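Below are some short notes on the model, for your review.

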Amino acid sequence: MATVEEAQAERGKNRLGYLFQPYRDDKKCHRCKENVYQYEKIGPINGVVFHSTCFRCFECGQFLTMKTCWSSQTDTEDNEVYCLTHHPRVGAVRLDNKALAIKSAVDIQKDFRKGYTKSNEQSRPHMDASAMGIKQAMNAPRAGNLLNEQNSGKHRAQIDASALHIQGALHAQALQKRYQKNFDKHHYPAHIVKKRQQIFDAQKKLEEQLRKEEDELYRTFKANRKEEAKKLSAEIDQEWENRLKELTEKFDREYEKKNNRKLDKKAMTMQFESQKKDLETTMTLKREKKKQNMTLRLREKEQSMTSSLVKKQSEQMLSLIAQKKKELKEELKKEIEKQQAMELASADKGTETPHLNGGAGVEMLPEDVTMDVTLDEALDTLISPATSEPPKPYPPKFRKKQLYSDVSVFDDIDDMVIKVAQNDQLTYTDLVRQLTETLVSDLEKARAIYRWITVKDLNVMEFDDVVDADTPMGLLRGIKYGTETYHTLFMRLCSYAGLPCVEVKGHSKSVGYEPGMKIHPETFQNTWNAVLVDGDWRLVQCNWGARHLVLNKDKDSEKSKKKDTIRYQYDEHYFLTDPDEFIQEFWPYEPEWQLLEKPITLDEFEKLPFVRSIFFHHCMRFEGGKKAVLETNEKGGVDITIRIPENLEDSLVFYYQLRFAEKEKRGDTSYKGASLERFVYQTMVDNCVMFSVHVPVMGEYFFEIFANKIQDANKIGLDPNTAVTPFRLKCACKFKICCKQLTGKMHPLPNCASGEWGPKKAQRHFNILPYYDKPANGEKQENYNAGIVNAENDFELKFTIPRPLQFVAKLRMNQVDDHILDPFVNLSMQRDVLTIYVTLPQAGQYGLDLYARPKESTDTHTLSHACKYLINCSKVLAPVEIPKSTGPSLAMNKDRWGPTALFEKYGLKTLSHKEAKIKVTDSNHVSVEIGLPERVTLTYQFIREPDEDDREYVSMVKENEGKTAKFLINMPKSGNYMLALYARRDTDEAKTMMNVYNYLIQYNTGQQSNGNGHLPTNGKEGKEGKSFFKKLSKK
């Protein structure tokens, strides 16, 4: 027969420790189905293990490691492993010749980004040094910016950068190869600048015509609003008159019945005036409500009309630009060919031919730029081609990271855009010209427009009541009236830059959406853009990408006169987002605008995991195919694992929140007094973040994961008295967890500091590393890294310390006061190694918190939490009795309130409240003070009717040199509470804490009582005797 200690040890082991059971050798390899031994095992991954020789990509056979393997994101039942290229994912864009047959196009695009275009040698002539016979000219020395050396042999054409007017094209190639150079309009030859000005003039002329159409539309909006407001006012006035007439007639009829009874007539008159006033208030509220609904209805209609107009005008502008650029290109081509003919003639005569740009010198090319482009290609780069008939939507050929791997390549453009945004422009032509005049590629132009919209912060712009269309603010009057949105403005500006852009309508997982929700046609509607960049359609969401600007004021009073530092925030993820990432949040009505090879249905969209931009920004991915709704196993457990890049494992911080999903419990984050966070075990091992959730009761829950990158300011720095700067975590993903069956009872984890378990946090914030002075077996070290310690009797932990630090360690156990366990923890420091030695008093489950601060810091510098471990103790040879706070079922004694005989025997005294019953109405705070003699230990239990454990809402502090125990109580909600006090003498042989006093606290926020003198309990009172106040009310 098992002893009590053995039973307790078994229960402690089975709470969360079983999640990390030792590996069983009887498992077989998932690939070859043969036995797997410990020394050759890899895994488990997705619940299966592999031989090290079998751990290869299922598709191509490439050998993998734990850090390079990928799982299927489309099939939760697929336990295979894949390489990066072949792992299945939702709507993945294939970049090989088998999927899209675009190998040749891909190669050409790659070569173009390197600075030159390699095409078929036989398809068209090339103009390089070898083909055109200008090798000698290219290698000739410079002398006064002239080519003095003449060819002594056969006459050859001398075609250089100036002669061809392709200096801009060469600069564009250099930019693609990261040959950084600041651009301005003077990099274009004067002849080109003049021709470009003609295009701008044509755009301005067309804009004047388009503005007249827009003015007429706004006059229509204004007239419609005025007419609708007039109709609404007349409707409300008519209703007011009718209802007032009914009220008056009713008053007259009742007034006549009273005859000469003056008192009754006076009361009736007062009642009539009161009813009239109430009616007036009701009608005023109704007027405002109808006015609001009318405004929303009209605004939606106006936005649709504005969008249609802007779409039509954008097509006109694109058509104009395409026509003008085509004319300019043909004209330049003729002039360049004429220039070539003149140079050939000059070469025959031995004279110099003036150049079209007015200069005679030749600028030598950069060493890494090769003259291997055709004339048409040079002109296309110099004068970017525009099209009025964009192609149909199709998946892009390249991923976003292949267009640019680092956002810093746009630093110069972003700085320029911020300067432009600080000024106002009178026309869209002027605005777009300032933004894009010095830019060459479609990518740069789209970037400039996106950043201008996100920088401008249109949502908080202030307008005068009357906005003149010819003023700078008139340019954005659609924002003031609510008729123009981010996506409409982006489409308009792109057309002025010659970029085809469309609006895409559909649904989104926006504010208010929760995982598992069904999306209906009228809910969660959204609109975004698709812009054509270098021949590929790219997705843009300006509204979600915009962030407010932050003013960082200088704290130094001497520098207060300096300008505030402005830091503009925006979300990079929503600029040219890859389709397979965009579909996680947005679903278009037209499937082709998903830009996926295999579009998904709305039902499939709803089942996708709920993720936000930070998830993709830090390249996170789920292990296994996760869905938005997860179902627990029979023990209420579900695991979520997120893999992150190796270079971010020491800088990414994660957190979580578990809450009830049911409507009546929504917002609740505790169960029977225990925070729901204590039913989640979070740890990080290598570059994998694991969340093991075990819900306490059947039902539905929302589980939200937050993350952000930690900066140096969030770590313990060199200055010992500098506080660690807090930082904001952002939602990375969210799931709905459904528990339909639950066997057994899940106990909460020890009440340690919130957050992750294991040593990774100490390494991240303090650079404290776990130290192993003895070779540990793989299982033990793996458990230690995950924050799990399986021990008997005692254990020790060691850490290497980078600098002198002061430490505090706290051992915690459920139902045991922390100070009781302090003697069982010992800390020692030898050189740079910290040793924590813990002697466990009893078998069971413990938590160990470690806090630290710089040793040379002042006493006002608070300790920061470094890390925590979960300890499962299966056996103790010499158990030590420790006092425990018994649970509510054992402590409750409804037959006795106030003091027991032991209260006086132990020498305890009531100081603040002499009566056992306390009523609280003004606030949810109350303080109870007890006189405490020497050598008496006091503890407590705090529960809310009927059996909700709210102990965490009470803090006990000792004052007056330990002679007074003060209980600071913070009641979370209305109801009946019991504060049960327990005590024992330190000299007593029996270590049991005895119930010595019961306080009854009635917290009422103004609700109606149920007639028995105590608050209603939402139907949970049940049988006789359940209420704390039942017996008291009968006395």
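1. Two strands are taken as paired if DSSP finds at least two bridges between them. The model discussed here is predicted. Strand S31 (residues 917-920) and strand S38 (residues 994-1003) run parallel and are joined by four bridges.

2. Ile918 and Val920 make up the covered face, while Lys917 and Lys919 are on the uncovered one.

3. Helix H13 (residues 428-436) and helix H16 (residues 486-496) have axes that come within 9 Å and cross at roughly 75 degrees. An angle of 65 to 115 degrees counts as roughly perpendicular, and H13 and H16 are therefore assigned to that class.

4. On the H13 side, the residues in this contact are Tyr428, Thr429, Leu431 and Val432. They meet Leu489, Arg492, Leu493 and Tyr496 of H16. Sorted by class, the contact of H13 with H16 holds six nonpolar residues, one polar and one charged.

5. A disulfide requires two cysteine sulfur atoms within 2.5 Å, and by this rule the count is zero. Cysteine 32 is in no disulfide, and its nearest cysteine sulfur, in cysteine 29, is 3.7 Å away. Cysteine 32 has 32% relative accessibility, so it counts as partly exposed.

6. Cysteine 69 is buried, and its relative accessible area is 0%.

Notes. Residues numbered from 1 in each chain as written. Predicted model: local features only at pLDDT ≥ 70, side-chain atom pairs only at ≥ 80, totals over all residues. Heavy atoms only, no water. Buried < 20%, exposed > 50% of the residue type's maximum accessible area, 1.4 Å probe, protein only. Axes fitted to C-alpha atoms, helices over the stretch in contact; angles between N-to-C directions. Helix = DSSP H or I, 4+ residues; strand = E, 2+ residues; numbered from the N terminus. Parallel < 35°, antiparallel > 145°, perpendicular 65-115°, else oblique. Contact = heavy atoms within 4.5 Å. Nonpolar A, V, L, I, M, F, W, Y, C, P; charged D, E, K, R; others polar.
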